[in-house]
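The text starts with the terms it needs and then turns to single residues, cores and salt bridges.

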Amino acid sequence: MPVEFLSGEQEKRYGRYAGEPTPEQLAKYFYLDDTDLQFIKGRRGNHNRLGLALQLCTVRFLGTFLTNPIDVPMVVINYLATQFGIDDTSCLENYARAETRWEHTALIKQCYGYQDFHAQPNHWKLVRWLYQRSSLGTESQSLLFDLTTARLVERKILLPGVSVLARLVASVRERAANRLWNILSKLPSKKQIVALEKLLLIPEDQRYSTLDRLRHSPNKVNAKSLVAAINRLEEIRNVGVGGIDLSHITTRIKFLARNAAASRAALISKMPSAKRVATLLAFTHELEYTATDDVIDLLDLLIRGLLAKSKREGEKERLRTLKDLDAAALRLAEAVEVILDTDYQDSVPDLLMPKPVLPWHRFGVAGK
């Protein structure tokens, strides 16, 4: 079982001081309240009081006891020494060599409720929590390891060796994955499984498998791409797994589909039978939704493009006719100027001017 998923940084900071604690961490983990002071003040000698305080705050901060209890940043020692009013911290050298430190470890566990990693029932509860998290979530093993470490520190369970915890995380996650694969592999019928397996084959007239071809979306916006996208969607639907209800495990399905989309068909074909069928089912089930979205998006882009083209052509036609409209407007303005020009009207002969028609009948006189 591979457990080499931890980074060098994770291994370095696991159960150790990776650097100096921040002021916020000092205030949260290294401040001694009245209960802590009452627990420590009865010890003889500054080295015992300061050493016990170091071990207490270290296990509170790291979740484990250090082999060398004084192997801590100097800022921590000074912070605790200030609370006791101790000026000379060199007395801790005596504490590191004394057997009293082992007694203090047992005393802290007893008084503050710290438990060993394999103690029951907390170990069983941790495994159950890990299994549920692995079954429902999509965290990587590395992130799951960090989450488990934080949970142990919070629950006052002493951290085990780094390899012990890494193997536990890997084994529980693998168990949850196997269960998921077995459940998914039993959902499709034999006919559907055959159709899924055919996705891994390379047709005679092509260079790539059907799976590798279908995973690529159209990358151009034109009518030919729209037809190709529709044909792609129809081919995916013909596999016949779209009607299988996977709503109860949606999150894990999407995770499996992403892994399948990033894996070559040759690699998927080498998977165990249950994992292979589960991976192909998840991939095809999600790909149908993705292909449908691709068709709708492509159609939307084409319609927008046509509308934009029509708008541009309309504006171009309007700009083309503006010159004629401007010329006609200028001629109309000149004609109106002539009509409204009184000097021009006076210069026109009477014969050319129309005579007004008066309403003589209103005055009882016959029109002349």
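A residue is called buried when its relative accessible area is under 20%, exposed when it is over 50%, and partly exposed in between, with a 1.4 Å probe and protein chains only. At 17% relative accessibility, Gln 192 therefore falls in the buried class. The model is a predicted one, in which local features need pLDDT of at least 70 and side-chain atom pairs count only at pLDDT 80 or more, while totals for chains, interfaces and linings use all residues. Residues are numbered from 1 along each chain as its sequence is written, and side-chain values use heavy atoms, with hydrogens and water left out.

Helices (DSSP runs of H or I, at least four residues) and strands (runs of E, at least two) are numbered from the N terminus. By this count the protein has 17 helices and 0 strands. Its radius of gyration, 42 Å, is well over the 21 Å that the globule rule gives for 368 residues, so the protein is more spread out than a compact globule. That radius is taken over C-alpha atoms, and the globule rule is 2.2 Å times the number of residues to the power 0.38. Along the principal axes, the C-alpha atoms fill a box of roughly 145 × 70 × 40 Å. Of the 368 residues, 37% count as buried.

The protein exposes about 23700 Å², and carbon and sulfur atoms supply 55% of this area. Accessible areas come from the Shrake-Rupley method with a 1.4 Å probe, and for residues only the protein chains shown count as cover. Contact means heavy atoms within 4.5 Å. Among contacts in the protein with a separation of 6 or more, 74% are between residues 24 or more positions apart.

Gln 192 sits in helix α11, residues 190-198. Leaving aside residues up to four places away in sequence, Gln 192 touches Leu 187, Gly 240, Val 241 and Ile 244.

Next comes the nonpolar interior. A nonpolar core is a set of buried Ala, Val, Leu, Ile, Met, Phe, Trp, Tyr and Cys residues joined through side-chain atoms within 4.5 Å. The largest one has 34 residues, of which Leu 184, Leu 196, Leu 211, Ile 268 and Leu 281 touch the most other members. At least two residues of this core come from each of α10, α12 (210-214), α13 (223-237), α14 (250-261), α15 (265-269) and α16. Helix α16 gives the largest share, 10 residues. Beyond its neighbours up to four places away in sequence, Leu 211 is in contact with Leu 199, Leu 200, Ala 265, Ile 268, Leu 280 and Phe 283. Another core lies apart from this one and has 30 residues, including Phe 30, Phe 39, Phe 61 and Val 72.

How many salt bridges does the structure hold? There are 10, each being a side-chain nitrogen of Lys or Arg within 4 Å of a carboxyl oxygen of Asp or Glu. In one of them, Asp 294 pairs with Arg 232, with the closest N and O atoms 3.0 Å apart. Asp 294 belongs to helix α16 and Arg 232 to helix α13, so this pair ties together parts that are 62 residues apart in sequence. Asp 294 is buried at a relative accessible area of 18%, and Arg 232 is buried at 7%. Asp 212 and Arg 215 also meet through their side chains in a salt bridge (2.9 Å, N to O), and both residues are buried.

A further salt bridge joins the side chains of Asp 146 and Arg 13 (3.3 Å, N to O). Asp 146 lies in helix α9 and Arg 13 in helix α1 (residues 8-13), so the pair connects parts that are 133 residues apart in sequence. Asp 146 is partly exposed, at 28% relative accessibility, and Arg 13 is partly exposed, at 36%.

Two loops hold backbone features to look at. Gln 120 and Pro 121 are joined by a cis peptide bond, with omega about 5 degrees. Pro 121 is in the loop between α7 (100-112) and α8 (122-136). Lys 156, although not a glycine, has a positive phi of about 60 degrees. Its place is the loop between α9 (141-154) and α10 (162-185), and with a relative accessible area of 33% Lys 156 is partly exposed.
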